[in-house]
Amino acid sequence: MKLLLPFRWVYRGLVYFANSPRTLITSYLLMIVVAGVIYGQVEHRSAADAVWWAVVTASTVGYGDISPTSWQGRILAALLISTMVLLVIPLITAHFASRLIVDDDAFEHVEQEELKNDVRRMRALLEELAARQGIELPELPPPPAPPDHATLVRQRLRGRRNRR
């Protein structure tokens, strides 16, 4: 179980990272600047050219006007492209797409509680009416089992996202 601990930390970090647009955009800009500075040092380019190269490379446009010639520059380009394409840009896109998808038909917590109370009152009235008429009502099914820990955590995270 201890072997999975680092993966759990990485997962938790990604969840935090993905749910914070400020963190996502800051990391994007930081990666551009850091990659630009490193590229400028390795390839002996000006700061402006190096940052331009980082933006073009991170966006995978690749104009070809500036490209790495050293193996260090090529490894940096591969890391920048991979990180941006496989992690940062999809997380930014997914975050903002999830904000656009809103379920207007979903009941708020207060509405859910109100509905539950209404059903309880109707059940009580039905039982009273059935007792007056001498009718025996069928037994209610057993209540559902309480949710497990993982379900509670998902619900709590979903609630935090909805409050933002």
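This is a predicted model: local features need pLDDT of at least 70, side-chain atom pairs count only at pLDDT 80 or more; totals for chains, interfaces and linings use all residues.
Helix α4 covers residues 71–100. At 1.5 Å a residue, its 30 residues should span 44 Å, and the 42 Å between its end C-alpha atoms agrees with that value.

A nonpolar patch on the surface is formed by Val10, Leu14, Ile81, Val85, Leu86 and Leu87, which together have about 490 Å² of accessible area. Both α1 (5–18) and α4 supply at least two residues of this patch, and α4 gives the most, with four residues. Valine 85 lies in α4 and counts as partly exposed because its relative accessibility is 39%.

The structure holds four salt bridges. Side chains of opposite charge can pair when their charged atoms come close. In helix α5 (residues 109–133), lysine 116 and glutamate 113 lie three residues apart, about one turn of the helix; the closest N and O atoms of their salt bridge are 3.2 Å apart. Arginine 121 and aspartate 118 are likewise three residues apart in α5, and their salt bridge has its closest N and O atoms 2.2 Å apart. For the salt bridge between arginine 123 and glutamate 127, the corresponding distance is 3.1 Å. These two residues are separated by about one helical turn, because they lie four residues apart in α5. Arginine 123 is partly exposed at 22% relative accessibility, as is glutamate 127, with a relative accessible area of 39%.

Notes. Residues are numbered from 1 along each chain as its sequence is written. Side-chain values use heavy atoms; hydrogens and water are left out. Patches are made of residues with over 30% relative accessible area and no salt bridge: like charges are joined within 9 Å, nonpolar side chains (Val, Leu, Ile, Met, Phe, Trp, Tyr) within 5 Å. Accessible areas come from the Shrake-Rupley method with a 1.4 Å probe; for residues, only the protein chains shown count as cover. A salt bridge is a side-chain nitrogen of Lys or Arg within 4 Å of a carboxyl oxygen of Asp or Glu. Buried means under 20% relative accessible area, exposed over 50%, partly exposed in between (1.4 Å probe, protein chains only). The expected span of a helix is 1.5 Å times one less than its number of residues.
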